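Hi everyone, thanks for making time for this. I'd like to walk you through one structure, so please have a look at it first.

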Amino acid sequence: MELAERIVVLSNRVFGDSINPRIEDQRNEASRCIQVFLPSSAPLSRSTRNPITVMMSEIGCFGFTAIGKKVPDCMFSESVDNVKAFLSGLWCTDGHIGFNKVPSVHYSTISYQLAHGVSSLLLRS
């Protein structure tokens, strides 16, 4: 829940009143899922897009299929703390810890560019 709350605080800091974040705790016996929703405060139309969609488009991170995803260029000049937060977000979505015969930890993606970018960020940190 701490990460979800952090996302809400950061999104409010970046987008102000233009979004209306909410956290839904959907944990149960089968799943430990907490979702953060970041809808626009204003009605959306063809000419009015969600502020997050606008920002993601501006930094080149919107409209890709899984194979075309990459680490945004701006991440390579970010502080170590911001890189850690970015990698934490990726890990939360596509990371895995396994406990067959020996413990294993891995991150999975179909995108060569994303895998290479994540590797570069990890080596930098």
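Starting at the N terminus, the elements of the protein chain come in the order α-β-β-α-α-β-β-α. That gives four helices and four strands, where helices (H or I, at least four residues) and strands (E, at least two) are DSSP runs numbered from the N terminus.

A word on provenance: this is a predicted model, so local features need pLDDT of at least 70 and side-chain atom pairs count only at pLDDT 80 or more, while totals for chains, interfaces and linings use all residues. Residues are numbered from 1 along each chain as its sequence is written, and side-chain values use heavy atoms, with hydrogens and water left out.

How confident is the predictor? The chain averages a pLDDT (the predictor's confidence in each residue, from 0 to 100) of 87, and 94% of the residues score at least 70. Confidence is lowest in strand S3, residues 95–98, with a mean of 80, and highest in helix H4, residues 112–124, at 92.

For the overall dimensions, the C-alpha atoms fill a box of roughly 50 × 40 × 25 Å along the principal axes. Of the 125 residues, 20% are buried, meaning under 20% relative accessible area with a 1.4 Å probe, protein chains only.

Now to helix H2, residues 51–58. Which of its residues are buried? Pro51, Ile52 and Thr53 are, and what covers the buried residues of H2 includes helix H1, residues 2–15. Asparagine 50 caps the N-terminal end of H2, with a side-chain oxygen 2.7 Å from the backbone nitrogen of isoleucine 52. Just after H2, glycine 60 has a positive phi of about 80°.

Of its 46 lining residues, Ile7, Met56, Ala85, Phe86 and Gly89 are the closest to the centre. Elements giving two or more residues to that lining are H1, strand S2 (34–37), H2 and helix H3 (80–94). H1 supplies the largest share, 10 residues.

On definitions, a pocket is an open set of points on a 1 Å grid over the protein atoms alone where a 1.4 Å probe fits, with protein on both sides within 12 Å along at least five of seven lines; lining residues have an atom within 4 Å of a point.

Note on methods. Buried < 20%, exposed > 50% of the residue type's maximum accessible area, 1.4 Å probe, protein only. Contact = heavy atoms within 4.5 Å. Polar contact = N/O pair within 3.5 Å; in protein donor to acceptor, adjacent residues only side chain to side chain.
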